[in-house]
Amino acid sequence: MIYDAIVAGVGGMGSATVFELAARGRKVLGLEQFDIPHTLGSSHGHSRIIRLAYAEHPGYVPLLRRAYARWRALEDATGERLLVITGGIDAGAEDTATVQGSLVSCALHDLPHERLDAAALAQRFPGYRLPEPMIGVYQPDAGMLDPERCVTAYVAAARKLGAEIHTRERVSQWHAEEDGVQVQTDKGTYHARRLIVTAGPWARGLVPALNELAVPERQVVLWTEPIVPDHFSAATFPVFNMAAPEGRYYGYPAHDAHGFKIGRYHHRSERVDDPDRMDRACHAEDEAVLRVALRRYFPDADGPTLAMQACIFTNSPDEHFILDVLPDTPRVAIAAGFSGHGFKFCSVVGEILADLALDGGTRHDVPMFRLDRFAAGTCA
Ligand SMILES: Cc1cc2nc3c(=O)[nH]c(=O)nc-3n(C[C@H](O)[C@H](O)[C@H](O)COP(=O)(O)OP(=O)(O)OC[C@H]3O[C@@H](n4cnc5c(N)ncnc54)[C@H](O)[C@@H]3O)c2cc1C
């Protein structure tokens, strides 16, 4: 049997890609080393922010519009509620990249937003207690996705369309053949016309070109029981992305029986050489990094610890994504280096990867994600 495509890694990006290929009538095999979903990669922890006024770069906004539409389409197809709109706050001092980037995206793409000073923010959303001169850019379109349910929904929908998906089967290596690709796992050997590598933190083990371009990093998030629960529900507390003097933090309201959740981008700057051996225990030092921000900016959420969990970022040098075909093996498409902000894009990345694998190009505007930007030395 020769598959049209094999997808190596069925997490966030891989699950959407398997679905997209199956929806296009292709014979597709998805290979996942663990269960679906699982808590050992990057797509777990019950919540992921989605926001339209993109502080990281305005070039993401058209992709986000498509991502929103595709998430809604998945909800319609499966009857699952995956996306909860809460509104969102990009916070920080006026001159921070977070606030300025958000305002630039709003201006360039004519996005609805409000600029709230610290007092106005606290009055409107009392969970927020930012000191002057911090401000918040409020965007009504922001919200949160449930990553485990998104992955499960894509996999279930793909299977319904005829996709074959194997769990607990690890891809050990691949090589190009005359007309396609041979993929070897710990259970067998498969042949396909195309290979798509969506292996998240493990990607550089399968694609040596990514060795220094998609580098895993340990993260830890904390859930607390708010002291004033009414200030931290999905109806009263917008998700946030906040540049504070102590670091850049993100957080989510209490929802679906989970508490208020907070994390810090690049947590304690711990590079991970081998994701299989990462420290997954959560320590007092991890909690301390998060409690600092909780106490200062969200004191009414600074209640008892409900849970902590380790997770993994996979960083590219410029923190923008890598979406491309391999220059010397164009039958292989890759998606890597999502740098802690990729989940919201899974639904459109699935489309892009299916385009790249099947057609060699895509209708989406993705030149800023090409692999050769690093070789050319054009990235920041
Ligand atoms: C704590 C935290 C908070 C985040 N918050 C946000 C947020 O609010 N908003 C947002 O948009 N993004 C957020 N992100 C980033 C986002 O979650 C990631 O960018 C996204 O999940 C990456 O998806 P992925 O498919 O690349 O990786 P994964 O979902 O980890 O998928 C990779 C899959 O490949 C499998 N695999 C790897 N190697 C093999 C192999 N050899 N054989 C078979 N299977 C293999 C893995 O087991 C895994 O299932 C956050 C990330 C973390 C860690």
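**Ligand shell and aromatic pairs**

Guide: The ligand is surrounded by 35 residues, the closest being Glu32, His38, Ser43, Ile49 and Cys311; a residue is near a molecule if one of its heavy atoms lies within 4 Å of it. The model is predicted, so local features need pLDDT of at least 70 and side-chain atom pairs pLDDT 80 or more, while totals for chains, interfaces and linings use all residues. Residues are numbered from 1 along each chain as its sequence is written, and side-chain values use heavy atoms, with hydrogens and water left out.

Visitor: At what distance from an oxygen atom of the ligand does a backbone N or O atom of Ile49 lie?

Guide: A polar contact is a pair of N or O atoms within 3.5 Å; within protein, one must be able to donate a hydrogen and the other to accept it, and residues adjacent in sequence count only if both atoms are side-chain atoms. A side-chain N or O atom of Gln33 is 2.9 Å from a ligand oxygen, and a polar backbone atom of Gly342 is 3.1 Å from a ligand oxygen. For the backbone of Ile49, the distance to a ligand oxygen is 2.6 Å.

Visitor: How much of the area that the ligand exposes when taken alone does the protein bury?

Guide: Accessible areas come from the Shrake-Rupley method with a 1.4 Å probe; for residues, only the protein chains shown count as cover. The ligand alone exposes 1000 Å², and the part buried by the protein is 97%.

Visitor: Which element gives the most to the shell around the ligand?

Guide: Helices (H or I, at least four residues) and strands (E, at least two) are DSSP runs, numbered from the N terminus. Two or more residues each come from helix H1 (12-23), strand S3 (48-50), strand S15 (247-252) and strand S18 (305-315). With three residues, the largest contribution is that of S18.

Visitor: Why is the pair of Tyr128 and Phe237 stacked?

Guide: Rings of Phe, Tyr and Trp (its six-membered ring) pair if their centres lie within 6.5 Å; planes under 30 degrees apart count as stacked, over 60 as edge-to-face and the rest as tilted. The structure holds 27 aromatic pairs. In the pair of Tyr128 and Phe237, the centres are 4.6 Å apart and the planes are at 10°, so the pair is stacked.

Visitor: Which parts does the pair of Tyr128 and Phe237 tie together?

Guide: Both residues, Tyr128 and Phe237, are buried (under 20% relative accessible area; exposed is over 50% and partly exposed in between, with a 1.4 Å probe and protein chains only). The pair joins parts 109 residues apart in sequence, because Tyr128 lies in the loop between helix H4 (118-124) and strand S7 (134-139) and Phe237 in the loop between strand S13 (215-224) and strand S14 (239-244).

Visitor: Over which ring does the charged end of Arg124 sit?

Guide: A charge sits over a ring if NZ of Lys or CZ of Arg is within 6 Å of the ring centre and within 35 degrees of the ring normal. Arg248 lies over the face of Tyr265, at 3.7 Å from the ring centre. For Arg124, at 4.9 Å from the ring centre, the ring is that of Tyr138.

Visitor: With which side chain does Glu20 make a polar contact?

Guide: Glu20 lies in helix H1. Glu20 is buried, with a relative accessible area of 8%. At 3.2 Å, the side chain in polar contact with that of Glu20 belongs to Arg70.
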